[in-house]
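Subject: Structure handover

Hello,

Here is the structure for you to look over. Please open it before reading on.

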Amino acid sequence: MLPLLLPGSGRAQTPDWQSDIPLLQQQHLSADYWLAKLPAAQQLLLDAQQIRAFNQRTFAVQPEMQPIAEIPLSHSRQQLLERLDKVSSIPGSARFFANGRALVEADWLPLQAALNRDGIEDINPTRFALVTRRSLLLAFPTTLRIFNDAMALDLNRLQETAVFVGEPLAVLHQTADQQWALVQNYHYTGWVESSALAIGERQQILAYAAAEPFLVITGARAHTNFTPELAAISELQLDMGVRLPLLSAASQGHSIYGQNPHASYIVQLPMRGADGALELVPALIARNQDVSVGYLPYTTEQLLRQAFKYLGQRYGWGYDYNSVDCTGLLVDIFRTFGLLMPRNSGEQGYGDFGQNQRFAEDLPVADKLALLKSAQVGDLLYRPGHVMIYLGESGGEPFVLHSVFDLAYYQQDGHFYRGTLNGVAVTPLTPLYLTAEQNYLHRLYNIKSLR
């Protein structure tokens, strides 16, 4: 059977495609569909110098962000205890195990004990490290998964974010068994398994992070070439936005682990030695991988194309499930342009970086729709706990791309439908509801532009 042609699209629709998302058509799942509506999609939004200035302003106005180079070389006992109280506090609301049993005080005691408060000295030198594999950053040093009363087992409430290969970190503290480290990156603090870190000298870490020329991972993920000699860097996953120093055949030779590098990029990877110390080694990334020498040009076209590379990927709360949540999606996309931002949606949405068109949540829906008419494709739309990328209008309806868990709306017969998205999706904006009483527009409070 021949594929069906979408009206006016010039693109084929497969006859088995269907969706329970209202107003969605298969053509909406292509970046090309939205870009065809934009005559100036290739216009540069910010150049490299402007991006550097943008980042400097962001660090200046966002208190939760701090450049690694500015993290103090030591912390007092009181400072670390305060940091632990903030990072690893017992939640004020009930938490549950997967079997439905609520955690009681006795369940929290071993988690509190693992924080190793007794191991904190009066003065604690800061160590520095590079991440050697993608790793989860948690509120407590544990692999235990716990949940809120909704019992959504995909959402581990101890999961915060993730750290990525080549990322520089400050190591502030560790558990008594040294299996977990309390670390800080440029926008978050949490616990990570020590086995994912390679400890080095501060200047060495900073020099690696700033090295030029460099390669940027521009696909949702890429992998290094198979390397029989070094399992730690063989077929290693590299995520969108990862930046790695580029090496040359002139300095490394024409045989890297037994392979000629002429059809690959030679990058420098951090590797953890037997004693936990940093070793820097060459690795190959085949030129068929989705990568860029230097950052991508920051244009609306590139922004949308980067976003659509995640389409269909499963939702990953706090980067869990080897995936992204709503804000992780943005952080990854914008890192490919060299743009940095806070991690959490509240820090982003209520933050002063970028250009903000902030309004009261109780502003009439008609007024919010009028404001959306002035939004530009690629702007960020915020409601509490969530962020979406504005794609433009189709048939007069605003559409967005986002990593989202729930799906709810009123059907034509008035029935309130609850389904699931649980992935990176394209959806219309106005039909979607959070509860039977509140839709997305009721809670929308900011339109943010990064340009």
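Below is what was found in it, grouped by region.

**Ground rules**

This is a predicted model, in which local features need pLDDT of at least 70 and side-chain atom pairs count only at pLDDT 80 or more, while totals for chains, interfaces and linings use all residues. Residues are numbered from 1 along each chain as its sequence is written, and side-chain values use heavy atoms, with hydrogens and water left out.

**Arginine 343**

Start with arginine 343. It sits in the loop between helix 8 (326–335) and helix 9 (345–349). Helices here are DSSP runs of H or I with at least four residues, strands are runs of E with at least two, and both are numbered from the N terminus. Arginine 343 is buried, at a relative accessible area of 1%. Buried means under 20% relative accessible area, exposed over 50%, and partly exposed in between (1.4 Å probe, protein chains only).

Its side chain makes a polar contact of 2.9 Å with that of aspartate 325. Another, of 2.4 Å, joins the side chains of arginine 343 and threonine 327. A polar contact is a pair of N or O atoms within 3.5 Å; within protein, one must be able to donate a hydrogen and the other to accept it, and residues adjacent in sequence count only if both atoms are side-chain atoms. Not counting residues up to four places away in sequence, arginine 343 also touches others, including Glu160, His187 and Tyr319. Contact means heavy atoms within 4.5 Å.

Tyrosine 319 has a phi near 75°, a positive value in a residue other than glycine. Tyrosine 319 lies in the loop between helix 7 (300–308) and helix 8. It is buried too, with a relative accessible area of 2%.

The order is 18-17-16-13-19, with antiparallel pairing. Strand 18 (278–286) and strand 19 (291–293) stand at the edges with a single partner each, so one side of each has no neighbour in the sheet. Strand 17 (residues 264–272) pairs with strand 18 over nine bridges, in the antiparallel sense. Two strands pair if DSSP finds at least two bridges between them. Valine 267 has alanine 283 in strand 18 as its bridge partner.

**Core and rings**

The largest nonpolar core has 114 residues. Among those with the most contacts inside it are Leu269, Tyr298 and Phe334. Such a core is a set of buried Ala, Val, Leu, Ile, Met, Phe, Trp, Tyr and Cys residues joined through side-chain atoms within 4.5 Å. Leucine 269 touches Leu244, Leu280 and Ala283, among others, not counting residues up to four places away in sequence.

There are 15 aromatic pairs. In one of them, the rings of tyrosine 298 and phenylalanine 334 have centres 6.0 Å apart and planes at 70°, so the pair is edge-to-face. Rings of Phe, Tyr and Trp (its six-membered ring) pair if their centres lie within 6.5 Å; planes under 30 degrees apart count as stacked, over 60 as edge-to-face and the rest as tilted. Tyrosine 298 is in strand 20 (residues 298–299) and phenylalanine 334 in helix 8, so the pair ties together parts 36 residues apart in sequence. Tyrosine 298 is buried at 3%, and phenylalanine 334 at 1%.

The peptide bond from glutamate 212 to proline 213 is cis, with omega near -5°. Proline 213 is in the loop between helix 5 (202–210) and strand 13 (214–217).

Best wishes
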